[in-house]
Amino acid sequence: MTILVTGGAGFIGSNFVLDWLAQSDEPIVNLDKLTYAGNRENLATLEGDPRHIFVQGDIGDRALVERLLGQHRPRAVLHFAAESHVDRSIHGPEDFIQTNVVGTFRLLEAVRAYWSALPDAQRAAFRFLHVSTDEVYGTLGPTDPPFAETNRHEPNSPYSASKAASDHLVRAWHHTYGLPVLTTNCSNNYGPYHFPEKLIPLMIVNALAGKPLPIYGDGQQVRDWLYVKDHCSAIRRVLQAGRPGETYNIGGCNEKRNLEIVHAICALLDELAPAAARGVRDARSGQPIERYAELITHVPDRPGHDRRYAIDARKIERELGWRPAETFETGIRKTVQWYLDHPQWVQRVQSGAYREWVARQYGTATA
Ligand code: NAD
Ligand code: TYD
């Protein structure tokens, strides 16, 4: 059999593809548009591997998706592709609506046409797994219980609104057409191949370059962090044993304040790559630094900034027996070490399309 993955050149998608093919010989058709966030270099170890069929294309291109489904006859579609960064969604929401909403709709329609025509046994076994976020639930107060699957969707950013819309489309395609869907809503991921616009990789990369570590507002916002490989194992488990029509929240019980995260990263860098030994200087003053935490800089808050996310992952644990393998301490150490070991990956993702975007967004002085 075969599975079709969308967005498999992005952060979570490429981790998923690599993990899957490390454990299974079932081929993957990987449909990815290669936006600024998609990077074939993440999949370089699969070069020439016949189990990985990469196709550059848009999930919104219905004719292409129909052709791929007809040609490869997958038993499942795993939908990772999305515009994923909240700050970008604030600057320019259009791409988020186009890919996350319209793209998901077109993908669902192509999948429905393919699925409807399958022989009975294959139609019953088919799954469409929609990879979504906990941000659809909105924000929590300090004493609220964590998000359960029964929480209402109350999205606050253009990103989370577009993901909530896609969750609703997926749900409706199950209730109306019977498409066997599974939805996962996961907390913030971190780990290898994370694009350095998101908090954790940005802080690592900026610190090593002596650049400011921008903390939005007071830095007391809480996120519930999960090592990306644990997210991948949860998705594999949901695909294997999840009940069609159900949603599963995925998280690692790792609520942390942003400032705590940034201090943890700085402390690990102090240990693993001391600033004095590397000759790191503060990019603004030109002065040598001793501790990376000296670079922490409070900046104005993000508009509409959600205060706290936290996941109640008891359903996936109880029903499917999934638990994360990493604690935050083990996962963040692996992550910092991965960035120290892959400076060329960082350098390359910061050039090209990314640089052009930064120049357009913030002016050429910053690019
Ligand atoms: P990412 O931005 O790193 O990667 C997205 C990938 O999708 C890229 O490879 C990009 O080229 C591709 N893509 C974008 N638009 C496309 C289109 N129209 N057609 C085909 N491919 C397209 O994102 P990520 O962090 O890996 O997130 C993957 C999924 O997981 C998303 O659906 C996201 O909402 C969800 N999610 C992310 C997190 C997180 O912390 N990063 C947490 C929970 C859920
Ligand atoms: P981010 O990685 O963008 O993920 P999300 O907004 O999807 O949770 O941000 C994580 C948290 O870190 C969020 O509260 C915003 C904050 N943040 C900063 O304080 N500074 C930064 O430079 C970035 C990118 C994020």
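Guide: Start at the side chain of Ser84, where an N or O atom is 2.6 Å from an oxygen atom of ligand 1. Such a pair is a polar contact, that is, two N or O atoms within 3.5 Å. The side chain of Lys163 also has an N or O atom 2.6 Å from an oxygen atom of ligand 1. Phe80 takes part through its backbone, with an N or O atom 2.9 Å from an oxygen atom of ligand 1. On its own, ligand 1 has 840 Å² of accessible area, and the protein covers 97% of this; areas come from the Shrake-Rupley method with a 1.4 Å probe.

A note on the source: this is a predicted model, in which local features need pLDDT of at least 70 and side-chain atom pairs count only at pLDDT 80 or more, while totals for chains, interfaces and linings use all residues. Residues are numbered from 1 along each chain as its sequence is written, chains are lettered from A and ligands numbered from 1 in the order in which they are written, and side-chain values use heavy atoms, with hydrogens and water left out.

The shell around ligand 1 holds 28 residues, of which Ile12, Asp32, Ser84, Tyr159 and Lys163 come nearest; a residue is near if one of its heavy atoms lies within 4 Å. Helix H1 (11-23), strand S5 (127-133) and helix H6 (158-177) each give at least two residues to this shell. Strand S5 has the largest share, three residues. Helices (H or I, at least four residues) and strands (E, at least two) are DSSP runs, numbered from the N terminus. Sorted by class, the shell has twelve nonpolar, twelve polar and four charged residues. Here Ala, Val, Leu, Ile, Met, Phe, Trp, Tyr, Cys and Pro count as nonpolar, Asp, Glu, Lys and Arg as charged, and the others, Gly among them, as polar.

Now ligand 2. Its shell has 18 residues, and Glu135, Pro214, Arg223, Arg302 and His305 come nearest. A polar backbone atom of Leu199 is 2.8 Å from an oxygen atom of ligand 2. From the side chain of Arg223, a polar atom lies 2.8 Å from an oxygen atom of ligand 2, and the side chain of Asn258 has an N or O atom 2.9 Å from an oxygen atom of this ligand. The protein covers 97% of the 510 Å² of accessible area that ligand 2 has on its own. Helix H7 (199-208) and strand S8 (213-216) are the elements that give two or more residues to the shell. By class, this shell divides into eight nonpolar, five polar and five charged residues.

Technical notes. Polar contact = N/O pair within 3.5 Å; in protein donor to acceptor, adjacent residues only side chain to side chain.
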